[in-house]
Amino acid sequence: MKNSFAFLLIFLFSAIGNLYSQTELTLADIFKNGTYRQNRFGPIRWMKDGTGYSSIEKNPRLEGDDMVRYDAAKGTRSILISAEELTPTGVSKPLSVADYHWSEDNSKLLIFTNTRKVWRYHTRGDYWVLDLKTRKLSQLGKGIPATTLMFAKFSPDATRVAYVSENNIFVESLESGKITQITTDGDKDIINGTFDWVYEEELDCRDGFRWSPDGKNIAYWQSDTRGVGTFYLINNLDSIYSKPIPLPYPKVGQTLSAVKIGVVSSEGGQTKWFDFPGDPRNNYLARMEFIPNSQEVMVQQLNRPQNQNTVWIGDIQTLSLSKILVEKDAAFLDIHDNIRWLDGEKFFTWTSERDGWMHLYKVSRDGKTVELVTEGNFDVERISHIDPTSGFVYYIASPENFTQRYLYRSSLTKKGKAERITPMNLSGQNGYQISTDSKFAIHTFQNTTTPPVYSLVSLPKHETVRLLEDNKELKSKVAALDMNPKEFFKVDIGEVVLDGWMIKPKNFDPTKKYPLIAFVYGEPASSTVQDNWADGDLWHHYLADLGYVIISIDNRGTKTPRGRDWRKSIYGQIGILASYDQKNAVEQVLKTYPFIDSSRVGSWGWSGGGQMTLNLMFRFPELYKAGIALAFVSDQRLYDATYQERYMGLLEENKEGYIKGSPITYAENLQGELMIIHGTGDDNVHYQSFEMLVDNLIKYNKPFSMMSYPMRSHSINERENTSLHLRETMKNFWLKNLPAGGR
């Protein structure tokens, strides 16, 4: 009896403990313990025939990965390559597969492993090839320094692989193992086959070479960084003496790398260079691809203000250049990767805002005819799949609700109304990875209350074939927290109606008044008001349950599918128009919702949102009583030229705008409680921006709080316990400086 009673007590305490752990939201569970980590699916690659896809799965017996294939229609699973086969001779463990690519004929697999970070992404490491016919596993680059290979890819006939190592390009024969170095001038200043920091960060350029369709030549970018200003990051952690880390980084108005495109035989030899018009240090060669079945490349050349994109066709034999299209905008242009050649390479697809909306067009090879494909008063948010065989383009759009995303399709050959593919009941955000033949897709559905659900669907009827991952456990954990849902609302500020969301405390009492924290971003690169499963939502729910009302509002100029005029309205006035939109929106919210305390209003943001928070605190000190700014730009002239000049124009043409848009200009107006946070190893927004603001606040005798995270980057998440410490620091600031709870 005594033992039974003891057992009952243990059981009850255990049950209570489990219930408590399920219903209490803690920062440690969010940011350290992985309690609310979502399951992901993939990465997958659709096989060439479209009937199945490959994926990586953990081997149940070995500490390694199997490469498997699933038949789309039947669901049958087969092991293409076992973990045993991915174990090199003389090594005890299989390769850990960070990424993989199939040869064009699916006969060989290229495996990327043992990766290293280059700036923001893991693009350097080791490559191995497995031949599915011989089952032979071979490492590439023997004799070349380990973990230095980048962007390896098969030749069109899969007999060779080309890759970059230490800023030079190499070609390796898979049969003989012979390595041919086809560029030799790469060093710390000359970059072949990849890019400098600003091309990677702002133009999304990393892989910098292309095989010709016949495999006889390689076209590649070369960047000359000499003359580009060097910024030094300082590592004070990893040795007893500080170590400077040099970073060629062109700031606003300063010298850019000189970039050119050349062609060299894949057997080695002399590079031949295209002669594009204009100063190579004041133009960007933003895209280059071979036209299929040709000896020609298509190159997109952006001018420095990034308001004109000139499209060239270059003959790699004669090096002649033909101008076929010029895209212009009074504000700025974004580069798109939606080009697909059609009708025997007589036409290509092209993305443009020329009619006021983001749409796909069909352009003749000579550029003389331009036909609209995705017709309608809405934005094509992104292209999912272009299929010349079926004659359709599949794309994501949301004409009625700018916070949501759905799949549509339009004919490539006939004009007509866009056809919605996503069922009406899937309210939220939908993404698709579509098979080569357009018959199947990996569908991802999510909204604010539904973590990503992955399914295989058949198209175009969108019938579910099978569920792949539903994150059911995560959804149950979050539901058990019994939090108030994120509520979407609209706020009319007179000139425009803005989208926003609100989270209220768990024990909300509408008769009381609560402090308000506004989460802000506000720049053209992103948006905060989306009906998706956001990683930051639990943090905001945590703050709400401390006794705050949390809101976020997308001002004009943010990256939402609301048309060209919406996005371009911010041109030349980053930090200016958005600041007034945010301030006007908060004032309207205070008038609309009587449960918000106008004497307790705060703001926080990261990166552009950090800059926004500073602008709000300094410009409108009578409204904003407290704020936290992370990884911010205090003076826009300190940021990189490519981003800032795209949205602000050239410094010599808009110097006043740069000054008026920079929060440091108004630092002397600070009245409220401010905390600024930065990583000293931030290669994106330099710690210099933090220190210059600190210097100004000291000059004006303004009290403030500050926190530096040594050798953390822009994301401030490296090294042990950083994410949790950061959020604890932020929580403590709010509780001290913006008292929580209803009154």
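Colleague: Which share of the contacts with a separation of 6 or more comes from residues 24 or more positions apart?
Modeller: This is a predicted model, where local features need pLDDT of at least 70, side-chain atom pairs count only at pLDDT 80 or more, and totals for chains, interfaces and linings use all residues. Residues are numbered from 1 along each chain as its sequence is written, and side-chain values use heavy atoms, with hydrogens and water left out. A contact here means heavy atoms within 4.5 Å. Among contacts with a separation of 6 or more, the share from residues 24 or more positions apart is 57%.

Colleague: What is the radius of gyration of the protein?
Modeller: The protein has 12 helices and 43 strands; these are DSSP runs numbered from the N terminus, helices being H or I with at least four residues and strands E with at least two. The radius of gyration is taken over C-alpha atoms, and the globule rule is 2.2 Å times the number of residues to the power 0.38. For 743 residues that rule gives 27 Å, and the protein comes close to it, so it is as compact as a globular protein of that length. The radius of gyration is 27 Å.

Colleague: How much of the protein is buried?
Modeller: Buried means under 20% relative accessible area, exposed means over 50%, and partly exposed is in between (1.4 Å probe, protein chains only). Out of the 743 residues, the buried ones make up 58%.

Colleague: Which residues of the largest nonpolar core touch the most other members?
Modeller: A nonpolar core is a set of buried Ala, Val, Leu, Ile, Met, Phe, Trp, Tyr and Cys residues joined through side-chain atoms within 4.5 Å. Take leucine 693: leaving aside neighbours within four places in sequence, its contacts include Leu614, Phe618, Phe632 and Ile676. In the largest core, which has 86 residues, the ones touching the most other members are Phe618, Ile676 and Leu693.

Colleague: Is helix α5 largely enclosed or open, and which elements do its buried residues pack against?
Modeller: Helix α5 covers residues 537–547, and nine of its 11 residues are buried, so it is largely enclosed by the rest of the structure. Among the buried ones are Trp539, His540, His541 and Tyr542. They pack against α2 (27–31), β37 (497–503), β38 (514–519), β39 (549–554), β40 (596–606) and α12 (722–737).

Colleague: Which residues of strand β33 are buried on each side?
Modeller: All eight of the eight residues of β33 (residues 440–447) are buried, so the strand is largely enclosed by the rest of the structure. In a regular strand the side chains alternate between the two faces of the sheet. For β33, one side has Phe440, Ile442, Thr444 and Gln446, and the other has Ala441, His443, Phe445 and Asn447.

Colleague: How many residues lie between β33 and β34 in their hairpin?
Modeller: Two strands pair if DSSP finds at least two bridges between them. On one side, β32 (residues 429–434) joins β33 through six antiparallel bridges, and that hairpin has five residues between its strands. β33 and β34 also pair in the antiparallel sense, over seven bridges, with isoleucine 442 partnered by leucine 456 in β34. The number of residues between β33 and β34 is two.

Colleague: Is arginine 719 buried or partly exposed?
Modeller: Arginine 719 sits in the loop between β43 (705–709) and α12. This residue has a positive phi of about 70° although it is not a glycine. With a relative accessibility of 38%, arginine 719 counts as partly exposed.
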